[in-house]
Amino acid sequence: MISSQSPQKVLLMGLGASGKSSIRSVVFEGKNPEDVSDYNATINYSRTTQNFIDSSFQLFDCGGQENFISAFIGDQAEFIFSNVSIFVWVVDMSDFEQVSTSKFYFNHGIERLREFSPDSTVFCLFHKRDLVTTDKQNEAYEMMKTYFEIEGDLDIEYRTTSIFDRSVYQAIGEMLQSLILKSTKALTVSDAIQEFLSTHSDVTGIIVCNEEGVPLFEQGNYSYFMLPANLTLANYGKLKTEYTKAKTFKTTMEVDDNILAFQKLKKDLLFIGIANTSGSAQFTLVKLDKMAETVNKLL
Ligand SMILES: Nc1nc2c(ncn2[C@@H]2O[C@H](COP(=O)(O)OP(=O)(O)O)[C@@H](O)[C@H]2O)c(=O)[nH]1
Ligand SMILES: [Mg+2]
């Protein structure tokens, strides 16, 4: 359970300039991706507490200079690598010269994890994918994945990410999901959404995300809408300004033959329901409204 014990720990690690602090500030601090270009190198590590539904976790943004990383996997290993729930390793996939150095330290990090937190989940992010041309991205991903694969029973997830598109929200959303997976509350919300989707064929997807647009729950077939929904939310859009300011917030948006219903929930979370308008739009909206209420009660 998240709430009972000491806060869970998330380590964000990788070579200098791979993008760790940018990911932290875009995803957790709501910074605009365009504004993160000139961070100073992180000295040692910076620890922040992130509130998350009913609990919180500690995010360690670890400095990427080799002397720091050497210390993390060396003298400080026990302190850094104990009680880790999630280990995020960030690799700049556009910087070929650094890839083998990154792998070298990744191996050591994984060894330390095995030693001090063998039950943790690892996310290996091949970052800055926007710098790789679209037609090369799949190939690059496969190559990187093969290169970073490690035998053994640690659970390692590989993703390509960029702070300039939805991918980084999606990856961090999955990371948060694995943090809350063990909480009964999360399971209940997830079940309720699943149940609702399976009994209402006009509703194609439901998403619950935080203020920064990180999806905490998402189910259904909604990929077509995620981009506009996320853009309006995560970037400066009017929607976000209104939603952040207002205590209650409810609006709908029509896109082609579909309708999106937005509603602010507790703890600054946002409910997004997506439905097609094959039936009565009015009825669909009422159902989504009820569902938002149900989720709100469960949270
Ligand atoms: N093109 C691109 N640049 C990025 C991305 N993420 C971070 N950067 C840039 O990479 C540089 C290093 O980022 P920073 O977050 O300081 O790296 P850190 O040392 O790992 O914390 C900065 O100039 C960022 O603007 C990304 O997804 N795409
Ligand atoms: Mg940094």
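Is Phe-262 buried or exposed? Phe-262 is buried, because 22 other C-beta atoms lie within 10 Å. "Buried" here stands for 20 or more other C-beta atoms within 10 Å of a residue's own, "exposed" for 12 or fewer, and "partly exposed" for anything in between, with C-beta atoms placed from the backbone.

This is a predicted model, where local features need pLDDT of at least 70, side-chain atom pairs count only at pLDDT 80 or more, and totals for chains, interfaces and linings use all residues. Residues are numbered from 1 along each chain as its sequence is written, while chains are lettered from A and ligands numbered from 1 in the order in which they are written.

**The overall picture**

- The protein contains 10 helices and 11 strands; these are DSSP runs numbered from the N terminus, with helices being H or I of at least four residues and strands being E of at least two.
- Out of 299 residues in the protein, 38% count as buried.
- Take the contacts between residues at least 6 apart in sequence: 68% of them join residues at least 24 apart. Two residues are in contact if their C-beta atoms, placed from the backbone, lie within 7 Å.

**The nonpolar core**

- The largest nonpolar core has 67 residues, and Leu-11, Val-88, Trp-89 and Leu-125 have the most contacts inside it. Helix α6 gives the most to this core, with eight residues.
- Domain 1 (8-180) and domain 2 (184-298) each supply at least three residues to this core; the domain bounds come from an automatic or database domain assignment.
- A nonpolar core means a set of buried Ala, Val, Leu, Ile, Met, Phe, Trp, Tyr and Cys residues joined through C-beta atoms within 7 Å.
- Leaving aside residues up to four places away in sequence, Leu-11 touches Phe-60, Cys-62, Ile-80, Val-84, Phe-87 and Val-88.

**A look at helix α6**

- Helix α6 (residues 167-180) has 14 residues and reaches 20 Å from its first C-alpha to its last, close to the 20 Å expected at 1.5 Å a residue. The expected span is 1.5 Å times one less than the number of residues.
- Buried residues in α6 include Val-168, Ile-172, Met-175 and Leu-179.
- An α-helix has 3.6 residues a turn, so residues three or four places apart point the same way.

**Around ligand 1**

- Ligand 1 has 21 residues around it, and Gly-19, Lys-20, Ser-21, Ser-22 and Lys-128 come nearest. A residue is near a molecule if its C-beta atom, placed from the backbone, lies within 6 Å of it.
- Helix α1 (residues 20-28) provides the largest share of this shell, three residues.
- By class, the shell has seven nonpolar, 11 polar and three charged residues. Ala, Val, Leu, Ile, Met, Phe, Trp, Tyr, Cys and Pro count as nonpolar, Asp, Glu, Lys and Arg as charged, and the others, Gly among them, as polar.

**Back to Phe-262**

- Phe-262 sits in strand β10 (residues 258-264).
- Not counting residues up to four places away in sequence, Phe-262 touches Lys-250, Thr-251, Leu-270 and Ile-272.
- Phe-262 and Ala-292 are 30 residues apart in sequence and 9.0 Å apart in space, C-alpha to C-alpha.

**Residues in loops**

- Asn-44 lies in the loop between α1 and β2 (45-52), and its phi is near 55°, a positive value in a residue other than glycine. Asn-44 counts as partly exposed because it has 14 C-beta neighbours inside 10 Å.
- Asp-268, in the loop between β10 and β11 (270-276), has a positive phi of about 60° although it is not a glycine. Asp-268 counts as exposed, with 12 C-beta neighbours inside 10 Å.
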